[in-house]
Amino acid sequence: MQNFRNYGELPDGAFSDKTSKYCAFRQYKIMAKLQNYFEYANKMQTLLEAARRVELDRTENAPRAARASGKKIVTFAPHPDDEIMTGLLPLRLMLENGWKVVDAAVSLGSKVERRKERKKELANACKYLGWKLEVLGFDKVRPATKKTDPEYWQKCVGDIAGLIAKQNPDAVMAPHPKDANLAHMATSQLVRDALKSLEGKYGGFLIETEVWSDMDKPNVLIEAGAMHLGHLMTALSRHVKEVERNDYHVRMPSSFAENVRRGAEVVGGQGGRAPNFNFGVIYAVKKFDGKKWVPAVGSKFVGLKNCAEEIFKK
Ligand SMILES: [Zn+2]
């Protein structure tokens, strides 16, 4: 693994307490013993309240990528902010394996009056992470559009296929087909239609993500360290108006903890032992078998001591 040291370090100044600097590998300081679960619950509440008061968009500790490996992932985000919510894998591939990350913004949201501002927030978030931004900015990103306006749907499919052909990535990322939001379901279908139109010309992976509802068969659970969460929450907070509306940036650790609970069972198998991760995200890694997209790898947990690229190894 390249740049192993950078990968494990938290940015300078990320903590006021210097001894807590190295904590990406679970080298945290254990706090004084909790007396009972009421105290634990109360401390969690206090922590969430305090996190809400962190000033938005103030940390300037951009992640440092490993030396470029020539590999690339394009993530198709239905809305600005989805690229971050599902961004752990691209971030780890960039930090550990020198992958280039391209965010393809499928829409700029349904509110026309907010689009200009959302584009700016998105550019600001991608700039922090060192990700390239390609704005597709489609309208009517709904599953029904395929029937009600087939011409426009085909134009969108063509634009996505064109972007994939131009970028020539090793992997593309998109929501799973049942992710319960109309723009997410439509993005899933648009990307699948685009990949179909490229049959034979795209030999990479399709990685499915979930934001709004559980996917059927995730096959990998990858671990997040405090450093990854710090970067992702910072980037997410740059979607200023979105997190003012719904403060999901401060809830990200909780949702990553929940992914470990679920991943232990649905990735690891029923009744199996959970990995000792505090935080993680599940994905479905697929490959085209000539007829359909099928799991590319068996079930696996990729911890912080593993390399992110291991998700692609059988
Ligand atoms: Zn979304």
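Predicted model: local features only at pLDDT ≥ 70, side-chain atom pairs only at ≥ 80, totals over all residues.
Colleague: At what angle do helix 5 and helix 9 pack?
Modeller: Helix 5 (residues 115-129) packs against helix 9 at about 155°, and their axes are 8 Å apart. Axes are lines fitted to C-alpha atoms, for helices over the stretch in contact, with angles from 0 to 180 degrees between N-to-C directions. Helix 5 and helix 9 are therefore roughly antiparallel (over 145 degrees; under 35 is roughly parallel, 65 to 115 roughly perpendicular, the rest oblique).

Colleague: And how does helix 9 sit on helix 11, oblique or roughly antiparallel?
Modeller: The axes of helix 9 (residues 226-237) and helix 11 (residues 252-266) come within 10 Å and cross at roughly 130°, so the two helices are oblique to each other. That crossing is right-handed.

Colleague: Which residues meet there?
Modeller: From helix 9, Leu 229, Leu 232, Met 233 and Leu 236; from helix 11, Met 252, Pro 253 and Phe 256. By class that is seven nonpolar, no polar and no charged residues (Ala, Val, Leu, Ile, Met, Phe, Trp, Tyr, Cys and Pro are nonpolar, Asp, Glu, Lys and Arg charged, the others, Gly among them, polar).

Colleague: What about helix 7 on helix 8, what is the angle?
Modeller: Helix 7 (residues 150-167) and helix 8 (residues 182-197) pack at about 65°, axes 8 Å apart. Their crossing is right-handed. Cys 156, Val 157, Ile 160, Ala 161 and Ile 164 of helix 7 meet Leu 190, Val 191, Asp 193, Ala 194 and Ser 197 of helix 8. The classes there are eight nonpolar, one polar and one charged.

Colleague: Changing topic. How many helices and strands are there?
Modeller: The protein has eleven helices and nine strands. These are DSSP runs numbered from the N terminus, helices (H or I) of at least four residues and strands (E) of at least two.

Colleague: Why call strand 2 largely enclosed?
Modeller: Six of the six residues of strand 2 (residues 100-105) are buried, so the rest of the structure largely encloses it. Buried means 20 or more other C-beta atoms within 10 Å of the residue's own, exposed 12 or fewer, partly exposed in between, with C-beta atoms placed from the backbone.

Colleague: Which residues of strand 2 point which way?
Modeller: Lys 100, Val 102 and Ala 104 point one way, Val 101, Asp 103 and Ala 105 the other, and all are buried. In a regular strand, side chains alternate between the two faces of the sheet.

Colleague: Which strands pair with strand 2?
Modeller: Strand 1 (residues 72-77) pairs with strand 2 in the parallel sense over six bridges, with Ala 77 opposite Ala 105. Strand 3 (residues 132-135) pairs with strand 2 in the parallel sense over four bridges, and Asp 103 has Leu 133 as its bridge partner. Pairing needs at least two DSSP bridges between the strands.

Colleague: And what joins strand 1 to strand 4?
Modeller: Three bridges, with the strands running parallel; Thr 75 partners Met 173 in strand 4. Strand 4 (residues 171-175) has five of its five residues buried. Five bridges join strand 4 to strand 5 (residues 205-209), also parallel, and Ala 174 stands opposite Glu 208.

Colleague: Last one. How much of helix 4 is buried?
Modeller: Ten of the ten residues of helix 4 (residues 88-97) are buried, Arg 92 and Glu 96 among them. Gly 98 follows helix 4, with a positive phi near 65°. Across the protein, buried residues make up 41% of the 314.

Terms used:
Residues numbered from 1 in each chain as written. Left-handed = near helix turned anticlockwise from the far one by under 90°. Contact = placed C-beta atoms within 7 Å.
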